[in-house]
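This report describes the structure shown below, chain by chain.

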Amino acid sequence: MSYIKPINHHPRLEKNKLGLTRRDYEGAISTLCAGCGHDSISACIIEACFQLNIEAYKVAKLSGIGCSSKAPAYFLNQSHGFNSVHGRMPSVATGANCANGDLLYLGISGDGDSASIGIGQFIHAIRRQINMVYFVENNGTYGLTKGQFSATNDLESKNKYGEDNLFKPIDLASMAIQLGASYVARSFSGDRDQLIPLIKGAIQHKGFALLDIISPCVTFNNHDSSTKSYDYIRNHNEAVGKTDFVPLGEEITTSYKSGSSVEVNLHDGSKIALEKVNSKFDPTNPGNSLNYIREKSEEGKLLTGLLYFDESSEDLHETLNLTKTPLNQLKQDELCPGEKALEIINESLS
Amino acid sequence: MDKKYLFKRNSIWWVKVAVPSKFREQFGFDLRQSTGEKDLDKALLVRDSIVSDLKSKFLGLNVEDKSTKDFLKKTDITDPQYFHKVVDCQYACPAHTNVPEYIRLIAQKKYTDAYMLNWESNVFPGILGRTCDRPCEPACRRTRTHDKPVAICRLKRVTYDNKGNIEDLIPETPKLKNGKKIAMIGAGPASLTVARDLLPLGYDCTIFEKDSKPGGLMRTNIPSFRLPESVLDEEVYRIIKMGADLKTNSYIQDLEPLINDFDAVFIGSGAPKGKDLDLPGRKEAKDNIHIGIDWLTSIAFEHTKEIGKKVLVIGGGNTAMDCCRSAVRLGAKDVKVTVRSPFNRMKASDWEIEEAMDEGIPILDNTSPKEFILDEKGKLCGMKFDKMVMKDIDGSSKLVPSGEEVIYECDDVLLAIGQDNAFPWIRKDIGIEFGEWDMPVVDKTTMQSSHPKVFFGGDAAWGPENIIWAVSHGHQAAISIDNFCSNVDLNNRPDPITNLVSQKMGIHEWSYDNDISQAKRFEVPHADLSKALDDLKMEVELGFDEKLALEEAQRCLNCDMQTVFEEDLCIECDACVDICPTDCINFIDNDTEQEIRGKLRVPALNLDQSLYVSGELKTKRRMVKDEDMCVHCGLCAERCPTGAWDMKKHKYIEGHTLNNKIKVKEVA
């Protein structure tokens, strides 16, 4: 068993504007099961950060407990990290975000961490519009405790031992739209062409971005009667359209049929271009999105792609009018208003 | 009721699917198939599967693909040459020595096995471990993935230096001969290889040598400070001891009687004639002008023991390097090498140039000899040279005199400007055809001349090469002679012995050490220069000690551990793509080779290296792996959940008489 990935890389490996290669964004070698979808998601995060020229020290990786929550060890090993209590990652993210709005927050969670034990925290993080990217690495099973059903497992899906699932699933994407998340996308770990642009868009978005990523558990939930297996997702995946991330200052080069495309502007000036399959679908209308997700779900299809986007959202910092300077950089004179300010307050009370 | 696709024919329900216009030439207007059902309800049950079956005939197809594009085909890994080519060192070696295997044996301290593996293929591991031209090293994968190649040649020497007793492992020569007599002319590496390959089969081998000792140019032209006599004697006499009849001091005056007396004749007489330089003053100064290879020979046989104080060596090949270093050891105080071409075009191996320069010998490039200068007594006292420059003439760059002349003083001149073949002992009327430059006409595969009983090999066949080529020729000539004497078609060559076996020892455990050493190439220790320069026989390179050898052996990337892919098992989870440290693995839609090479994660620009292409996967994509940069770390196989990737050891042993008919023994 190899514990270290050889450090040598292809001599012609592409470099980004920082002079770094994709390999510079890697973490430790994964100890997840071979073939785990979570590793593919880690690879897509690596690729997205590489392509966006992100400086690793300006990123904080936050997670709870579960297979998914181990994943931050396997990418961006030069970033900050916080492995919190089970289901409590959103609280840690809220606190960290309030204290330092300068970092890019990547919350890595799973279906157990977010849809069961941490669902209360998950809901309020969305409601408060924490400026973060919230990944749900959704495999419909509790892999770390040997394959029980999770809250996102579909009703018709059996477990590895042939037992029936008795409860309807929670659809985290629909829930996030209802709660006011301003960027909601769903994707599949096995479709990196779709996933990478969605991650890039989510990183550039200001506000709460949810990425619900179906990530097959090769050990417990990749069997024939599973609805979250590689084969099942490949056969039932229906993308809302082809998604492209267009960096700031670059022209959209892909040509779409007139009337079938939507462009959404991200806060930093970059764009997401979406070629729609269905002309009735409008990703900026929450009601429309919810209906479409439900419609496809009833057809037995899994709708993927950028499902909802709100350009005009405001994040927690703006709502609470928090200081833009990270707390650890505030000086004494900025923190202490001084005697005069105290006098003014005291006088106002007298 | 929905009767889409269905129609009734003789009361049986049929399915009909319309063919899109672009496929009509191929399939007609529609495709039809019977459901075999009279009852509509039953027909409806099977309708959908029949429809999708029929549609699948044209759905994956693309009209353009069929007509104009030359799509990549699935790689045929059952062709032994495919993986042989991936093992760059073994592929580059003329004798196809199984390099990765012997390096692993060294790593396990099994030096005797490692030596015998070498001996099977290249016959002279001790000699070659010191003197080989090393075509394997520039080919080494590490030159592409890291920096310098594995010190393959020096590791070969390690097998010789550390081996145990091998006498019992040498194939036995049967007492009962097969009745065929073979003559070999010249006891150099080519003839000795032929003898080694034929003796165990029962052939009666007689070697004729003009000098008093066997070894050919290995003895006469390689100074003993590079190749100690003891090493040479051991490996040369091992073959003689197998039962060859060596006739020394036997210069062949005429080939014809041998052809009549023997069943076949092998000519491995080398390229023994050093080129001369016909310049003004050559005749007058002849006492102090020496032909390099003849001069080295007379040192080897201890006829020459001194040389003048100032020596000029003319030439830029390995012989020139040996001449200048020998001159220093004979007591010359001022030795210079002059080369007509620019430094970077010198023919000598880089390491031989380096060694000469390390010994303080200047190499003067762009210096073309013009005239020998004599003093008033008529003795050689210097040489005049033209300085040369590269100039563009008619679009190609040529070396021309710059107009500047230089004079270097000297007492002696050594000419090392090339060698010619010479066959004064082969009369032109005995049926051996000679072609351009008076070279024999020899078949590239069979080594047979235009006379069916006469075979050539080594430098005698196509001019000066190096020892490892002579060995390779020897193997091929032995096969031909064996076929010839057994009345088998000469083009019926033995197949290589190949094998492809999984190295999986358990989950994520391999039989080989797959950790990639990032160490730089280890330097070989040298003898103290001041002592070495005084002693003509003191070996300069000391070779790796065990510690260095083991560390250097770790640098080998195990290129014979092949990544083998089974598309039927693949679930396309991309784990291998993500883990591959050198980004070799891709899942991609099929296209032409040129298109695919450009579209990979890192474009595959090295066209000498193959692409490994799988069959079609479930998503219609293909796995395409660029063999160029693979470090054979096995991580793809470790991270594969289904075992679609496996690491398999590819054994490849070039076919020759010995391994096909008599097995070389292995250490118990």
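The sections below cover conventions, chain A and chain B.

## Basis of the model

The model is predicted: local features require pLDDT of at least 70, side-chain atom pairs count only at pLDDT 80 or more, and totals for chains, interfaces and linings use all residues. Residues are numbered from 1 along each chain as its sequence is written, while chains are lettered from A and ligands numbered from 1 in the order in which they are written.

## Chain A

Chain A contains 12 helices and 13 strands (DSSP runs: helices H or I, at least four residues; strands E, at least two; numbered from the N terminus). Its C-alpha atoms occupy a box of roughly 75 × 50 × 45 Å along the principal axes.

Buried residues make up 49% of the 350 in chain A (buried: 20 or more other C-beta atoms within 10 Å of the residue's own, with C-beta atoms placed from the backbone).

## The sheet of chain B

Three strands of chain B form an open sheet in the order β1-β2-β3, with antiparallel pairing (pairing: at least two DSSP bridges between two strands). Because β1 (6-9) and β3 (30-37) of chain B are edge strands with a single partner strand each, one side of each has no neighbour in the sheet.

Strand β2 (residues 12-18) of chain B pairs with β3(B) over six bridges in the antiparallel sense. W13(B) has E37(B) in β3(B) as its bridge partner.

Terms used. A residue is buried if 20 or more other C-beta atoms lie within 10 Å of its own, exposed if 12 or fewer, and partly exposed in between; C-beta atoms are placed from the backbone.
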